[in-house]
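Colleague: Could we go through this model together? I would like to start with the ligands and then move on to the fold.

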Amino acid sequence: MVKVTVLGASGGIGQPLSLLLKLNTTVTNLALYDLVNTPGVAADLDHINTPAKVKGYLQKDNNGLEHAVTGSHLIVIPAGIPRKPGMTRDDLFKINAGIVRSLATAIAQFAPQAFILVISNPVNSTVPIVAEVLKRHGVFDPRRLFGVTTLDVVRASTFTAEISGAVSKDVTVPVVGGHSGVTIIPLLSKITPKHEFTHEQVAALTKRIQFGGDEVVKAKDGAGSATLSMAHAGARFAKAVLDATVNGVAGIVEPAYVYLGAVDSGNQLKATVDGLDYFSSNIELGFYGVRNIQPLEDLSTYEQDLLRAAIPELKKSIDKGVAFVEEAS
Ligand code: NAD
Ligand code: LMR
């Protein structure tokens with residue numbers, strides 16, 4: 001049995017993400033949890049002729065959350081409010097921190113072995129919140145916890161290909177750091193296939209990748225933030241984790257925001273980023289989750305400046321997440 005649970009499954013991301021997970025034939029059971037509408041979403045998806053059996057759970061059900069997560073191999077969390085124009089991701093902290101903490105508490109109690117993929121913003125803080133909750137329950141395995149930053153690399157491929165003329169699906173740009181504004185650090189010097197951009201192009205592309213989320217928030221004009229591209233990105237990352245941890249596929253590398261103490265190789269990166277506990281980098285996935293965290297090497301002078309600007313921002317967000325759980329305990 002390979003059970004996958006989506007927490008926040010009726011939302012703008014939750015529904016298309018659940019659809020894409022239903023199409024993933026590795027999944028045998030798909031549990032959809034939300035405050036509203038999951039019975040309908042589940043009934044609808046369950047008619048698709050792929051293996052996964054789909055079941056909806058509501059918060060008001062008796063032990064709905066417990067039943068949704070129990071036995072799950074992988075849990076994706078897109079629950080929480082999205083931005084409106086003029087807001088930063090950190091403005092979401094007030095509401096989403098509490099939502100994520102309560103969901104993490106249930107995971108710690110009823111699915112402590114699950115791989116956890118956090119989408120809810122601000123990711124730079126919500127991932128430390130989940131970690132702190134798991135630590136307090138004595139079940140924190142940092143190899144199993146991921147902040148989903150895949151959308152940043154998806155955007156980077158698309159935006160750079162528009163300039164370089166390459167086919168976007170063949171373009172890979174490492175994006176490291178975190179998931180908001182200046183903490184998003186595209187490493188355009190390491191693009192494959194190789195391409196030499198002018199300084200002006202690098203500056204413009206970097207800004208566009210860092211603030212790609214704002215483009216969507218502005219275009220949606222009060223109706224939310226990226227949902228469909230995020231569902232694609234979330235399903236891509238979930239597939240990578242399932243392929244590594246269920247199907248035994250070796251050598252899968254995807255970026256994610258992780259705890260740098262997860263594996264020994266994280267310590268080299270930790271030293272480069274002034275001792276931050278969390279950072280997004282290319283992660284090699286293995287049977288137990290995080291297998292290897294790639295270091296930052298040979299950054300251009302421009303990228304080193306981006307890193308210097310990102311570190312204090314990341315530190316603030318991480319400390320805020322940790323303090324939120326500390327204050328409650
Ligand atoms: P949405 O409002 O459309 O959906 C959120 C869903 O969460 C709703 O169905 C709501 O009922 C549900 N929910 C709220 N509290 C809950 C709880 N306690 N338990 C279960 N479900 C609960 O929002 P959306 O557009 O789907 O965005 C969701 C989150 O994802 C936002 O925080 C957004 O900022 C974030 N996001 C992250 C990325 C990323 O790259 N990591 C990209 C896009 C959006
Ligand atoms: C994104 O990058 O699209 C998400 O983090 C949503 C947002 O608030 O921009």
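Colleague: Which elements each supply at least two residues of the shell around ligand 1?

Modeller: Strand β2 (29-34) and helix α4 (93-110) each supply at least two residues of that shell. Helices (H or I, at least four residues) and strands (E, at least two) are DSSP runs, numbered from the N terminus. Please note that this is a predicted model: local features need pLDDT of at least 70, side-chain atom pairs count only at pLDDT 80 or more, and totals for chains, interfaces and linings use all residues. Residues are numbered from 1 along each chain as its sequence is written, while chains are lettered from A and ligands numbered from 1 in the order in which they are written.

Colleague: Which residues come nearest to ligand 1?

Modeller: Of the 33 residues around ligand 1, those that come nearest are G8, G11, G12, I13 and N121. A residue counts as near a molecule if its C-beta atom, placed from the backbone, lies within 6 Å of it. By class, the shell has 17 nonpolar, 14 polar and two charged residues. Here Ala, Val, Leu, Ile, Met, Phe, Trp, Tyr, Cys and Pro count as nonpolar, Asp, Glu, Lys and Arg as charged, and the others, Gly among them, as polar.

Colleague: And which residues are around ligand 2?

Modeller: They are P82, R83, R89, N121, L151, G213, V216, V217, S225 and A226. Helix α8 (residues 212-220) gives the most to this shell, with three residues. The classes are five nonpolar, three polar and two charged.

Colleague: N121 is listed for that ligand. What is the peptide bond from N121 to P122 like, cis or trans?

Modeller: That bond is cis, with omega near -5 degrees. P122 is placed in the loop between β5 (115-118) and α5 (123-136). The bond from T192 to P193 is also cis, with omega near -10 degrees, and P193 lies in the loop between β8 and α7 (199-210).

Colleague: Changing topic, which residue does the UniProt annotation "active site" cover?

Modeller: The annotation, from an unreviewed entry, covers H179. UniProt positions are given in the numbering used here, feature names are shortened, and annotations may be inferred rather than shown by experiment. H179 lies in the loop between β7 (175-177) and β8 (184-186).

Colleague: Is H179 buried or exposed?

Modeller: H179 is buried, because 27 other C-beta atoms lie within 10 Å. A residue is buried if 20 or more other C-beta atoms lie within 10 Å of its own, exposed if 12 or fewer, and partly exposed in between, with C-beta atoms placed from the backbone. Leaving aside neighbours within four places in sequence, H179 is in contact (C-beta atoms, placed from the backbone, within 7 Å) with V123, N124, G147, T149, D152, I184, Y257 and S280.

Colleague: Where does P186 lie?

Modeller: P186 lies in strand β8. P186 is buried, with 27 other C-beta atoms within 10 Å. Apart from neighbours within four places in sequence, its contacts are A156, V173, V175, L205, T206 and I209.

Colleague: Which value does phi take at N63?

Modeller: Phi of N63 is near 55 degrees, a positive value in a residue other than glycine. N63 is in the loop between β3 (53-58) and α3 (64-69), and is exposed because 11 other C-beta atoms lie within 10 Å. D298 likewise has phi near 55 degrees; D298 is in the loop between β11 (289-293) and α11 (301-328) and is exposed, with 8 other C-beta atoms within 10 Å.

Colleague: How many helices and strands are there in the protein?

Modeller: There are eleven helices and eleven strands. The radius of gyration is 19 Å, close to the 20 Å that the globule rule gives for 329 residues, so the protein is as compact as a globular protein of that length. The radius is taken over C-alpha atoms, and the rule is 2.2 Å times the number of residues to the power 0.38. Buried residues make up 50% of the 329 residues.

Colleague: What pLDDT does the protein average?

Modeller: The average is 97, and 100% of the residues score at least 70. pLDDT is the predictor's confidence in each residue, from 0 to 100. For the complex, the predictor gives an ipTM of 0.99 and a pTM of 0.98.

Notes:
Two residues are in contact if their C-beta atoms, placed from the backbone, lie within 7 Å.
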